[in-house]
Amino acid sequence: MKVRVINRSAFDLPRYESALAAGLDVRANIDEAVTIGPLGRAMVPTGLYVEIPEGYEIQVRPRSGMAAKHGLTVLNSPGTIDADYRGEIKIILANISPDSFVLNPGERIAQLVLARHERAEWEECDELSETERGAGGFGHTGRK
């Protein structure tokens, strides 16, 4: 699947870091290091602008290594970039650790996953079909 992209960053285009990776690693397009304090957040530019095909979205997801080692995550994970958005992709990073994190220019900060999606057409009704689970919610099927 080809996706049109304008790269105004100082870095190469995002790429898959392994043969079977689902996400493309995206880099921080910043001129100097940025410190994200404990429980802080930052809107990090990437320098990338995309034209996503109709029927697709790009999902923005955290990098597991950054989360596990540094407590750095994507705040609205997964974030969605809609097919009609043409602005710069920016990543909302949050530091959920007790320590400050120094983000350096060009550091890989998130993954972008191209995903197909459907559009719902609501059909209003007065009742829903029965299931074994029914209205059981949060934690209903897990450990007690």
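Modeller: The model is a predicted one. E130 has a relative accessible area of 74%, and because exposed means over 50%, E130 counts as exposed. E130 also belongs to a patch of negative charge on the surface, where it gathers with E124, D126 and E127.

Next come the pairs of opposite charge. Side chains of opposite charge can pair when their charged atoms come close. The structure holds 5 salt bridges. One of them is between E51 and R4, with the closest N and O atoms 3.3 Å apart. E51 lies in strand 6 (residues 48-51) and R4 lies in strand 1 (residues 4-7), so this pair ties together parts that are 47 residues apart in sequence. How accessible are the two partners, E51 and R4? E51 has a relative accessibility of 36% and counts as partly exposed. R4 is exposed, with a relative accessible area of 59%.

Now turn to D25. The side chains of D25 and R63 meet in a salt bridge, at 3.6 Å from N to O. This pair links distant parts of the chain: D25 is in strand 3 (residues 24-27), while R63 is in the loop between strand 7 (56-61) and helix 1 (64-70), and the two are 38 residues apart. Both R63 and D25 are buried. For D25 the relative accessibility is 8%, and it counts as buried because the cut-off for that word is under 20%.

D25 has another partner, R108. In this salt bridge the closest N and O atoms of R108 and D25 are 2.7 Å apart. R108 lies in strand 12 and D25 in strand 3, so the pair ties together parts that are 83 residues apart in sequence. R108 has a relative accessibility of 26% and counts as partly exposed, whereas D25 is buried.

Which residues are linked in a network of salt bridges? The members are R15, E17, D25, R63 and R108. Within that group, D25 pairs with R63 and also with R108.

To put the pieces side by side: E130 is exposed and sits in a surface patch of negative charge, while D25 is buried and takes part in a network of salt bridges.

Definitions and conventions. Residues numbered from 1 in each chain as written. Predicted model: local features only at pLDDT ≥ 70, side-chain atom pairs only at ≥ 80, totals over all residues. Heavy atoms only, no water. Patch = residues over 30% accessible without salt bridge, like charges linked within 9 Å, V, L, I, M, F, W, Y side chains within 5 Å. Areas by Shrake-Rupley, 256 points an atom, 1.4 Å probe, with all protein chains shown as cover. Salt bridge = Lys/Arg side-chain N within 4 Å of Asp/Glu carboxyl O. Lys, Arg positive; Asp, Glu negative; His and termini not counted. Charge placed at Lys NZ, Arg CZ, Asp CG, Glu CD. Buried < 20%, exposed > 50% of the residue type's maximum accessible area, 1.4 Å probe, protein only. Helix = DSSP H or I, 4+ residues; strand = E, 2+ residues; numbered from the N terminus.
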